[in-house]
Amino acid sequence: MQNSTASGLMTDPHGTYARLREAGPVHRITGPDGRPAWLVTRYDDVRRALADPRLSLDKANATRDNYTGFSLPPALDRNLLNMDPPDHTRIRRLVVKAFTPGRVDKLRAPVRRIADELLDAVEAEGRTDLLASYAGPLPITVICDLLGVPQEQRVDFRAWTDAMLVPDPTRTHLMKEAIGNMMRFFTGLIASKRAAPGDDLLSDLIAVRDGGAGDGADGADRLSEDELTSLAFLILFAGYENTVHLIANSVLALLDHPALMNSLRANPAGLGAAVEEFMRWDGPGALAIRRFPLENVEIGGVTVPAGETVLLSLASANRDPHHFSEPDRLDLNRDRSGHLALGHGIHYCLGAPLARMETETALAALLERFPGLALDGAREDIARRPSIRASGLISLPVRW
């Protein structure tokens, strides 16, 4: 039963979650890695748990042999996804100002220019894998520009992230190679930025690290070298990974609903609301970052022992019929307030304004450029990555 649940979450996630929600709020499952976890499926329980300070993100609070994760080196592991307050509060404060709605809005014109250039490159071909040529390159270009990664140092981050997040069990060495490549890349990038600072976010963070303090005169905002490297890694990794799949999933949703696509093409002002519904309906993060109870915690009437792995399903919560009416229907007129696609509480997605703006801009440019946009092949041939953690496509062939 447990193994079939994990398999179902990869092959038929929404159908499996519907059955799990009906059966109960919390389920003991065995994940694809063979390790046990507690899966929380109902909206109210997921929302409360996301903000519960008794549920730690720090792997040090996991029961021995209960969780392994990516086994990242400390220089990549000391990031916000593995931290609780006060360290989480201190480090998030250093970078949050780069992602305020006001600052992100100033990036809208540059993002649109990048989108137009990517579409220029494929327009004459009449067809493309939109994931490889557009949904992937757009967010990596934006986040590299924000961090200040030189053009000649930009590499195939998609291959590295896929090797980590969707590992091939027959080629386990690829994950280790990807982690090693990332470590070398960020170490080299920080060294080059130290030698020649620029007008970019990474140079600012290096100045905070090397100066010993941030905005606080008392030196409270300090970064260790590992924290600096991990923060750069997280900004690039998360800024790319989630947005590429949000864009691709949103395009597929439009292709599956041609009337909606035509409506948004005629009224692009509605794209902001549409992106919110796309996030609720098929957001890129099926599960929130795993939690570890600091004490025995009751969730949905079930007592979860301290230190065991808790998985909070954002995908299931966002289709809970007790919170959203007809949740399996894509509906731009529904009340989407409170969707959990980007989290909730102190760990709410740091780059949420940027992800929203990039996706809205990417869709606007695509709909404007290609009025005849359609799938290039059969719908049943569109395959998703085999993951219970994330909802993303392997490719998205389209024509126009």
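Author: Let us begin with contact, which means heavy atoms within 4.5 Å. The model shown is predicted, so local features need pLDDT of at least 70 and side-chain atom pairs count only at pLDDT 80 or more, while totals for chains, interfaces and linings use all residues. Residues are numbered from 1 along each chain as its sequence is written, and side-chain values use heavy atoms, with hydrogens and water left out.

Reader: Which residues does Leu396 touch?

Author: Setting aside residues up to four places away in sequence, Leu396 touches Thr128, Asp129, Leu130, Leu131, Ala248, Val251, Leu252, Leu375 and Ile382.

Reader: How is a nonpolar core defined, and how many residues has the largest one here?

Author: In soluble globular proteins, nonpolar side chains tend to be buried together. A nonpolar core is a set of buried Ala, Val, Leu, Ile, Met, Phe, Trp, Tyr and Cys residues joined through side-chain atoms within 4.5 Å. Buried means under 20% relative accessible area, exposed means over 50%, and partly exposed lies in between (1.4 Å probe, protein chains only). The largest nonpolar core here has 91 residues, and those with the most contacts inside it are Phe99, Tyr134, Leu138, Leu201, Ile235 and Leu396. Its largest share, 18 residues, comes from helix α13 (residues 225-256). A second, separate core of 18 residues includes Trp38, Val304, Leu312 and Leu340.

Reader: How are the helices numbered, and where is Phe186 found?

Author: Helices (H or I, at least four residues) and strands (E, at least two) are DSSP runs, numbered from the N terminus. Phe186 is in helix α11, which covers residues 173-195. Phe186 is buried, because its relative accessible area is 2%. Leaving aside neighbours within four places in sequence, Phe186 is in contact with Leu76, Thr229, Ala232, Phe233 and Leu236. Asn181 is also found in helix α11, but Asn181 is partly exposed, with a relative accessible area of 27%.

Reader: How do α15 and α17 cross?

Author: The axes of helix α15 (residues 271-282) and helix α17 (residues 352-369) come within 9 Å and cross at roughly 115 degrees. These two helices are therefore roughly perpendicular to each other. On the α15 side, Leu271, Gly272, Val275, Glu276, Phe278 and Met279 meet Arg356, Thr359, Glu360, Leu363, Ala364 and Leu367 in α17.

Reader: How many disulfides does the model contain?

Author: A disulfide is a pair of cysteine sulfur atoms within 2.5 Å, and by this rule the count is 0. The sulfur of Cys144 is 17 Å from the closest cysteine sulfur, in Cys349, which is too far for a bond. Cys144 counts as buried, at 0% relative accessibility, whereas Cys349 is partly exposed, with a relative accessible area of 25%.

How values were computed:
Axes fitted to C-alpha atoms, helices over the stretch in contact; angles between N-to-C directions. Parallel < 35°, antiparallel > 145°, perpendicular 65-115°, else oblique.
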